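I opened the model to look at one helix, the ring pairs and the strand pairing. My entries are below.

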Amino acid sequence: MTDMALRTEYPFTLPRGYVDQHGAVHREGVMRLATARDEITPQSDPRVRDNPAYLTVLLLERTVLSLGEVPEVNGYVIENLFASDLAFLQDLYKRVNQQGHTEAAVSCPECAHEFAVDVSGDAPGEC
């Protein structure tokens, strides 16, 4: 039996990046695996009861450990991401917590060569 360490943190690069109040763009970050508590606790939050879509904000603020030089990734930061970056993080959350990895199988449109691409944004695919 091989001793494989459990991977619990996943670096990522946002497609556009969070723009802070000084105009600085923050794209590089780290997301951790969600715990059962991360998924259960937000269910009782009144903002989620009023608007179920807000669950995404709470899940991401709990699991995104860092984003560039932003001192704290909180609900305000998540709420102020561009829609494409929010969608990116939602997909990453689903991949790491349901599938356990950040890779997607793709094929080159020119040569049909099949390979894996890391969709976390920090590794380019190539033929």
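The entries go from the helix to the aromatic pair, then to the strands.

I worked on a predicted model, where local features need pLDDT of at least 70, side-chain atom pairs count only at pLDDT 80 or more, and totals for chains, interfaces and linings use all residues. Residues are numbered from 1 along each chain as its sequence is written, and side-chain values use heavy atoms, with hydrogens and water left out.

Helix α5. I took helices (H or I, at least four residues) and strands (E, at least two) as DSSP runs, numbered from the N terminus. Helix α5 covers residues 83-99, 17 residues in total. From first C-alpha to last it reaches 23 Å, close to the expected 24 Å; the expected span is 1.5 Å times one less than the number of residues.

Aromatic pair. I searched the whole structure and found one aromatic pair. Rings of Phe, Tyr and Trp (its six-membered ring) pair if their centres lie within 6.5 Å; planes under 30 degrees apart are stacked, over 60 edge-to-face, the rest tilted. The partners are phenylalanine 12 and phenylalanine 88, tilted, with 6.3 Å centre to centre and 55° between the planes. Phenylalanine 12 is in strand β1 (residues 9-19) and phenylalanine 88 in helix α5, so the pair ties together parts 76 residues apart in sequence. Both phenylalanines are buried.

Strands. Two strands pair if DSSP finds at least two bridges between them. β1 and strand β2 (residues 25-32) pair in the antiparallel sense over seven bridges, and threonine 13 stands opposite glutamate 28 in β2. The two strands form a hairpin with five residues between them, and glycine 23 in the turn has a positive phi of about 90°. β2 also pairs with strand β3 (residues 64-67), antiparallel over three bridges; valine 30 stands opposite serine 66 there.

Leucine 65. I looked up this residue in strand β3. Leucine 65 counts as partly exposed, at 40% relative accessibility. Beyond its neighbours within four places in sequence, leucine 65 is in contact (heavy atoms within 4.5 Å) with Glu9, Val30, Met31 and Arg32.

Definitions and conventions. Buried < 20%, exposed > 50% of the residue type's maximum accessible area, 1.4 Å probe, protein only.
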